[in-house]
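Please read them with the structure open.

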Amino acid sequence: MANLLSVIPLICRARRPSKMDDMRAVSIPFWIRKGYEGMTFFGHIITHSEEEADRFNSQWDAMKNHEMIHLHQARSTHDSWLCFYWRYVVYWLKACRYRKHLRNAGYLLNPFEMEAYAHMYDLDYLRDNEQATGWREYARLSLSERLSLYESSKKT
């Protein structure tokens with residue numbers, strides 16, 4: 001219960017996405033599943049350890065870019081973290097029915113994640129596409145089309 005209480009200040013002090021230029025990384029290990037480096041949470045990047053948090057805070061690499069794309073996506077969802085997370089959960093739940101075809105389908109077929117993964121290595125993406133609205137194109141695709149797109153991206 002004490003660990004759960006540690007995230008309440010992050011939610012209460014969250015600023016609108018448009019009021020943020022960067023997201024600070026903090027270590028809350030129990031929130032991150034194995035295999036994931038970070039998670040955007042109300043304007044913060046949650047990591048496994050202080051070392052990872054320091055890395056996110058000191059350098060802009062592909063993973064930092066991935067998480068920052070989520071900040072820009074939140075701006076494009078009515079500049080609201082709540083709207084962003086509401087849509088994220090809806091997309092996640094819809095995609096979960098494909099978990100027979102793809103482990104973690106709810107995550108990997110989520111339009112927000114698809115955009116972030118597609119552009120995480122393009123460190124100029126946010127400068128060139130400040131709104132980060134590519135997730136809308138993925139959302140227009142059917143789940144089977146998203147699955148095909150995901151599978152073809154893994155082959156290359």
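**Notes on the helices, rings and core**

1. The cover over the buried residues of α5 includes β2, α4, α6, α7, α9 and α10. Cover is judged by contact, meaning heavy atoms within 4.5 Å, and buried means under 20% relative accessible area, exposed over 50% and partly exposed in between (1.4 Å probe, protein chains only). Helices (H or I, at least four residues) and strands (E, at least two) are DSSP runs numbered from the N terminus.

2. This is a predicted model, in which local features need pLDDT of at least 70 and side-chain atom pairs count only at pLDDT 80 or more, while totals for chains, interfaces and linings use all residues. Residues are numbered from 1 along each chain as its sequence is written, and side-chain values use heavy atoms, with hydrogens and water left out.

3. Helix α5 covers residues 81-95. Its buried residues are Trp81, Phe84, Tyr85, Tyr88, Tyr91 and Ala95. Seen down the axis of α5, these fall within an arc of 130°, so they line one face of the helix; the arc is that of the directions from the helix axis to the C-beta atoms. The face turned away from the buried side of α5 carries Leu82, Trp86, Leu93 and Lys94, which are exposed. The 15 residues of α5 should span 21 Å at 1.5 Å a residue, and the end C-alpha atoms are 21 Å apart, which agrees. The expected span is 1.5 Å times one less than the number of residues.

4. Helix α10 (143-155) has 13 residues and reaches 19 Å from its first C-alpha to its last, close to the 18 Å expected at 1.5 Å a residue. Leu143, Arg146, Leu147 and Tyr150 are buried in α10. They cover an arc of only 100° around the axis, which puts them on the same side of α10. Among the elements that cover them are α5, α6, α7 and α9 (134-140).

5. In helix α3 (residues 50-58), Glu52, Ala53 and Phe56 are the buried residues. Their arc around the axis is only 100°, which puts them on the same side of α3. Glu51 and Ser58 are exposed on the other side of α3. The cover over the buried residues of α3 includes β1, β2 (38-41), β3 (44-47) and α4 (62-76). Arg55 lies over the face of Phe56, at 4.9 Å from the ring centre; the criterion is NZ of Lys or CZ of Arg within 6 Å of the ring centre and within 35 degrees of the ring normal.

6. How many aromatic pairs does the structure hold? There are 15 aromatic pairs. Rings of Phe, Tyr and Trp (its six-membered ring) pair if their centres lie within 6.5 Å, and planes under 30 degrees apart count as stacked, over 60 as edge-to-face and the rest as tilted. The rings of Phe41 and Phe42 have centres 5.1 Å apart and planes at 80°, so the pair is edge-to-face. Both Phe41 and Phe42 are buried. For Phe42 and Tyr85 the ring centres are 5.0 Å apart and the planes at 40°, so this pair is tilted. Phe42 lies in the loop between β2 and β3 and Tyr85 in helix α5, so the pair ties together parts that are 43 residues apart in sequence. Ring pairs link a cluster whose members include Phe30, Trp31, Phe112 and Trp135.

7. The largest nonpolar core has 42 residues, of which Met23, Phe41, Trp81, Phe84, Leu102 and Leu109 touch the most other members. Such a core is a set of buried Ala, Val, Leu, Ile, Met, Phe, Trp, Tyr and Cys residues joined through side-chain atoms within 4.5 Å. Elements that each supply at least two residues of this core include β3, α3, α4, α5 and α10. Not counting residues up to four places away in sequence, Leu102 touches Leu108, Leu109, Leu147 and Tyr150.

8. Met20 is in the loop between α2 (8-12) and β1 (24-27) and is buried, with a relative accessible area of 6%. Leaving aside neighbours within four places in sequence, Met20 is in contact with Arg15, Gly43, Leu71, Arg75 and Trp81. Met20 and Arg75 are 55 residues apart in sequence and 9.7 Å apart in space, C-alpha to C-alpha.

9. Asp79, in the loop between α4 and α5, has a phi near 50°, a positive value in a residue other than glycine. Asp79 counts as buried at 13% relative accessibility. Ala132 is in the loop between α8 and α9 and has a positive phi of about 50° although it is not a glycine. Ala132 is buried, with a relative accessible area of 1%.
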